[in-house]
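Student: Could we go through this model together, beginning with the overall fold and then turning to how its parts pack?

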Amino acid sequence: MRPQHGKLVEPANGMSQATVAEPTIAQPCEKFGVLVVADDHLERIMVRLGLERNGLDVWLAPNGREAIDLFSVHSENIALVLLDVRMPGLDGPETLEALRKIKPEVPACFMSGNTADREPQKLLQRRATLVITKPFLLDDLANILRRLAQGLFADPLPSGKAGQG
């Protein structure tokens, strides 16, 4: 996954406090964990490599059921969840609902390469923190996730806008 651009969609209410993205530089911060849930094996591996290269701990799950199992055991170490929207079995929104029964406040970002006109807003209505449209640069993704884990609003990806639910 060596994409050239990426974007985040704005929340349904159109309000955004996005700022101009700073250069992508791994910033020192307390290490935190990200649960990456995606059915595509190569995508999981590439995201893992990109996030680990930026100093993040990563747990991988190929589907919603395994994500729930991993999160049940490691929720204290997982600060964020990154979910593919469409997966066989439990899809991203169903998986998020189950994860929030374990840890209601966990921030979650959906990622999707196939968003219909209204789907991003529906995902934000399900209390997604961000909806990330593929393709995206892995270093940019790591910086956004780092800011979210620190409780800060995420800077937009270079060619897109950031929005929070």
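The questions and answers below concern a predicted model.

Student: In what order do the helices and strands follow one another along the protein chain?

Tutor: The protein chain holds five helices and six strands. Read along the sequence, these elements follow the pattern β-β-α-β-α-β-α-β-α-β-α.

Student: What share of the contacts with a separation of 6 or more joins residues 24 or more positions apart?

Tutor: The protein chain has 165 residues, of which 47% count as buried, and its accessible surface comes to about 8400 Å², with 50% of that belonging to carbon and sulfur atoms. Among the contacts with a separation of 6 or more, the share from residues 24 or more positions apart is 71%.

Student: How are helix H2 and helix H3 oriented to each other, roughly parallel or roughly antiparallel?

Tutor: The axes of H2, residues 64-74, and H3, residues 92-102, come within 10 Å and cross at roughly 15 degrees, and H2 passes H3 in a right-handed crossing. Angles under 35 degrees count as roughly parallel, and the two helices H2 and H3 are therefore roughly parallel to each other.

Student: How many residues of the contact of H2 with H3 are nonpolar, polar and charged?

Tutor: On the H2 side the contact is made by Gly64, Ala67, Ile68, Phe71 and Ser72, which meet Thr95, Ala98, Leu99 and Ile102 in H3. Gly counts as polar in this grouping, and the residues of the contact divide into six nonpolar, three polar and no charged.

Notes. Residues numbered from 1 in each chain as written. Predicted model: local features only at pLDDT ≥ 70, side-chain atom pairs only at ≥ 80, totals over all residues. Heavy atoms only, no water. Helix = DSSP H or I, 4+ residues; strand = E, 2+ residues; numbered from the N terminus. Buried < 20%, exposed > 50% of the residue type's maximum accessible area, 1.4 Å probe, protein only. Contact = heavy atoms within 4.5 Å. Areas by Shrake-Rupley, 256 points an atom, 1.4 Å probe, with all protein chains shown as cover. Axes fitted to C-alpha atoms, helices over the stretch in contact; angles between N-to-C directions. Parallel < 35°, antiparallel > 145°, perpendicular 65-115°, else oblique. Left-handed = near helix turned anticlockwise from the far one by under 90°.
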